[in-house]
Amino acid sequence: MSAVLAGLLLYWSCPPRELWWLSPVAVAGFVLAVRGGRARAGFWYGLLFGLAYTLPLLGWLLDFLGAQFGPWPWLGVCLVQALFFGLAGAGAARVTRLPAAPVWQAAVFLAAEVLRSALPFGGFPWGRLAFTQTDGVLLPLASVGGTALVGFAVALIGAGLAESVSRSPWPRGGVERGRGGIRGTVRLFVVPVCAVLVPVMAGLAVLPTVGAGSRSGTATVAVVQGNAPNVGLDLLYRDEQLQANHIRSARRLAADVAAGRVRRPDFVLLPEQVGSWGAQRRDPALRRVAERIGAPVIVGGLAYGPDGGLSNRIVRWGPDNGATGEYVKQHLVPFAEKIPLRSVAGAVSPFVQRFQQDMTAGEEPGVLAAGPARLGVGICYDVAYDDVFREAARAGADLFALPTNNAWYGRSEMSYQQLAMARLRAVEHDRAALVAATSGVSAVVRPDGSVRRSTEQFTAETVVADVPLRSSNTVATFLGRYVTWLVTALGAGAVLSTSLRRYRDRAPRRAR
């Protein structure tokens, strides 16, 4: 029961709620549930924890697919994700008896998180610990070590809290009955207290540097949210309506600019899946919009390449020369944009009939010229992965953009969960970030992760704002991937060391 409660607490720490402090409490409950038990028991407790967390967290999948396919796709995804929490529970149980146990328990938890971000079919990083911290004191650590360091800090605090509870002498009769009186009690609590305080102090120490990088200029941007019908799966066949809604909103912006009601933007950002183009990239409507506004239009859509391959792309339409730059989505959604087991996937995915071929994934970072900005772009699901915006920043992007289409999921929490990821990426690389959604939530995010402007869901709105351009990079931009590797190696090494210790302990007994 404690594992289930801990999983529910972790869910309640997620956006749109600002209860970030519940995350370490939830990890503490998880560690207490598995602490001191066998690995097998730890696996089952971890599985229960994972189900209690992911079932409500991913409830938008049920909203999306439930009417046609029932609960099975939602339950299947949640069960697969929960298996990784089961592995974390087994590993955390094994490393309990190691010195400085909270460190190893936190590393094991993060190692399992990294694993589920890669497997199966490219992984599913949704709901990582770091994404719960966009309003918390640990968020600044993203600029040093990315999602891995923030998540490790959350898990370390939680494991430290669990260790403090488990070592507490008071239930056994007070301080004097502790191990060696007051001095023994102080020594007893050094590790758990440090595990709790060090991450918090580190976050506070880094806080003054967040969002304080050097400016390389300012850009005036327009983020267009044209709205979409709230029809769930039926949106699959409403491409023309999506495009018409957004072209209409873009034309309204052009009229406002011409009339002097709105400042002329340096570029206009439209969401994902607004257009569809053949290999020649002809779109008279978008070109006329760019000409009327007098600025490039950055827009997402489905496009065929010269080889006939279909891909999800961002295309830059210039006012004078049409399509002049593109980015191809790197991380494709399993069972939607790429379909494993296509012969049986039709039982759980509507995209099998919609797309007769898998989309092609991109391999290059997206950096597009957009007025004075070098715009680093990712598409929707890309934001959950560490590499997309990191490589864009390394390639010279001084502003981030995330076109997305979340209209599939109704008025669920999904859009707010994704916005939290964009906010973390802003802090991670010290860049302002623009989120352009078909139906909300669209937003302008400052480099410190705070939201300057945002829209409501299922409304047609256009946001015009000035945003800073940043050329300086953070430590995480260059070293974040190594922090991920280090934390993963610590977790795997800790579990391996317990196996070697058990083998050495058994060897003398076999000799006797």
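Helices and strands here are DSSP runs, numbered from the N terminus. The model is predicted, so please read each exercise with that in mind.

**Exercise 1. Find the cis peptide bonds and place each one in the chain.**

Step 1. Start with the background: most residues other than glycine have a negative phi, and most peptide bonds are trans.

Step 2. Going from L119 to P120, the peptide bond is cis, with omega near -15°. P120 sits in the loop between α6 and α7 (142-167).

Step 3. Now look at P15 and P16, which are joined by a cis peptide bond with omega about 10°. The loop between α1 (2-12) and α2 (22-34) holds P16.

**Exercise 2. Q273 and L341 are not glycines, yet each has a positive phi. Decide for each whether it is buried or exposed.**

Step 1. Locate Q273, whose phi is about 65°: the residue belongs to the loop between β2 (267-269) and β3 (275-277).

Step 2. Apply the cut-off: buried means under 20% relative accessible area, exposed over 50%. Q273 has 13% relative accessibility and therefore counts as buried.

Step 3. Turn to L341, with a phi of about 55°, in the loop between β6 (322-328) and α11 (342-345). Its relative accessible area is 57%, so L341 is exposed.

**Exercise 3. Describe how α5 packs with α6.**

Step 1. Two packed helices are described by the angle between their axes and the distance between the axes. For α5 (residues 72-94) and α6 (residues 101-116), the angle is about 155° and the axes are 9 Å apart.

Step 2. Angles over 145 degrees count as roughly antiparallel, and α5 and α6 are therefore roughly antiparallel to each other. The crossing of α5 past α6 is right-handed.

Step 3. List the contact: α5 contributes Q81, F84, F85, L87, A88, G91 and A92, while α6 contributes Q105, V108, F109, A112, L115 and R116. Sorted by class, these are nine nonpolar, three polar and one charged residues.

**Exercise 4. Work out the six-stranded open sheet and the helices lying across it.**

Step 1. Write down the strand order, β7-β8-β9-β10-β11-β12; the pairing is mixed. At the edges stand β7 (366-370) and β12 (451-454), each with a single partner strand, so one side of each lacks a neighbour in the sheet. On average, neighbouring strands are turned by 20° against each other, direction ignored.

Step 2. Check two pairings. β7 and β8 run antiparallel and are joined by five bridges; A370 has A373 in β8 as its bridge partner. In their hairpin, with two residues between the strands, G371 has a positive phi near 60°. By contrast, β8 (residues 373-377) and β9 (residues 399-404) run parallel, joined by three bridges, and L375 stands opposite L399.

Step 3. α13 (residues 387-394) lies across β7, β8 and β9, at about 145° to β9; the buried residues of α13 are V388, F389, R390, A392 and A393. α14 (residues 414-429) lies across β9, β10, β11 and β12, at about 165° to β9.

**Exercise 5. Which residues does S439 contact, beyond its neighbours within four places in sequence?**

Step 1. S439 is found in the loop between β10 and β11, and is buried, at 1% relative accessible area.

Step 2. Its contacts are Q225, N227, A228, N406, A407, E456, Q457, F458 and T459.

Definitions and conventions
Residues are numbered from 1 along each chain as its sequence is written. This is a predicted model: local features need pLDDT of at least 70, side-chain atom pairs count only at pLDDT 80 or more; totals for chains, interfaces and linings use all residues. Side-chain values use heavy atoms; hydrogens and water are left out. Two strands pair if DSSP finds at least two bridges between them. Helices (H or I, at least four residues) and strands (E, at least two) are DSSP runs, numbered from the N terminus. Axes are lines fitted to C-alpha atoms, for helices over the stretch in contact, and angles run from 0 to 180 degrees between N-to-C directions. Contact means heavy atoms within 4.5 Å. Angles under 35 degrees count as roughly parallel, over 145 as roughly antiparallel, 65 to 115 as roughly perpendicular and the rest as oblique. A crossing is left-handed if the near helix is turned anticlockwise from the far one by less than a right angle, and right-handed if clockwise. Ala, Val, Leu, Ile, Met, Phe, Trp, Tyr, Cys and Pro count as nonpolar, Asp, Glu, Lys and Arg as charged, and the others, Gly among them, as polar. Buried means under 20% relative accessible area, exposed over 50%, partly exposed in between (1.4 Å probe, protein chains only).
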